[in-house]
Amino acid sequence: PVPRQMEGDKVVLRVVEAATMTASEISNFYTLYNESRAMQFLQSAKCTTLDAAEQRLRRKLKEGTVLFITEQQRPESFVGVSFFGCMDIKDPVADFGILILPQFWGTGLALESVVLSLQYAFESANGLKLLKLTAETSTSNQRALHFAKHCGVEPSGTDTNEDGDCVCFTLTRSKWLEEVKGVMQTRLQLVRTA
């Protein structure tokens, strides 16, 4: 079973489930998916109404996406989402993504959310137990490309999707455990003491 929540020093990741989805979760999802700077590289994912946001959210959950709402602990506020989608259980692989509201960029909350998400994906006893994660971002998304580089995640190729040209990333469990986890935790510690 998916844990109901995971706590870090500054953020809490709460699982979203179709059966218990709240109006607040739908509203937060709608707010994020209509924030122009957060969505500038994902134009195909915009939701123009609360009903459309709820339908998109329910469809993603029905397709097997594991979605976490990221909240700042103090003061309590919605930060964004992280998610695992397109999972292949036979060959434990999933796509990973994260979207954060711009007012939280550069605060370390995204980094903490990613660390908790990747621990859940690769290490948690009741997590996904994945062997590999994939992700992609627009070739124009310098913030995401910089983040990946400084966390030790190297590009694995390029592709084109409905939003344009993108850079692809692959992270294996072994690379996470042997390299990337340590780099991210060091960066997180630096952010906490700054």
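Predicted model: local features only at pLDDT ≥ 70, side-chain atom pairs only at ≥ 80, totals over all residues.
Visitor: Which residues does Thr 70 touch, not counting residues up to four places away in sequence?

Guide: Thr 70, which lies in strand E3, touches Val 11, Val 12, Leu 13, Ser 77, Phe 78, Val 79, Gly 80, Val 81, Ser 82 and Ser 113, once residues up to four places away in sequence are set aside. With Ser 113 there is also a polar contact, in which the two side chains are joined at 3.2 Å.

Visitor: Is Thr 70 buried or exposed?

Guide: A residue is called buried when its relative accessible area is under 20%, and Thr 70 counts as buried because its value is 0%.

Visitor: How should I read the sheet, and in what order do its strands stand?

Guide: The general idea is that strands of a sheet pair through backbone hydrogen bonds, either parallel or antiparallel. In this structure 8 strands make an open sheet with mixed pairing, and their order is E1-E2-E3-E4-E5-E6-E8-E7. Its edge strands are E1 (5-7) and E7, each of which pairs on one side only, and from one strand to the next the twist averages 25°. Helix H3 packs on this sheet, where it touches E1, E2, E3, E4, E5, E6 and E8, and its direction makes about 50° with that of E2.

Visitor: Which strands pair with E8, and over how many bridges?

Guide: Strand E6 (residues 132-138) pairs with E8 (residues 164-172) in the antiparallel sense over 7 bridges; among the facing residues, Lys 132 stands opposite Thr 172, while Thr 137 has Val 167 as its bridge partner. Strand E7 (residues 155-161) also pairs with E8 in the antiparallel sense, over 6 bridges, with Thr 160 standing opposite Asp 165, and a hairpin of 2 residues joins E7 to E8.

Visitor: How does one check the span of helix H5 against its number of residues?

Guide: One takes 1.5 Å a residue, so that the 21 residues of H5 (residues 173-193) should span 30 Å, and the end C-alpha atoms are 28 Å apart, which agrees.

Note on methods:
Residues numbered from 1 in each chain as written. Heavy atoms only, no water. Pairing = 2+ DSSP bridges. Helix = DSSP H or I, 4+ residues; strand = E, 2+ residues; numbered from the N terminus. Expected span 1.5 Å × (residues − 1). Axes fitted to C-alpha atoms, helices over the stretch in contact; angles between N-to-C directions. Contact = heavy atoms within 4.5 Å. Buried < 20%, exposed > 50% of the residue type's maximum accessible area, 1.4 Å probe, protein only. Polar contact = N/O pair within 3.5 Å; in protein donor to acceptor, adjacent residues only side chain to side chain.
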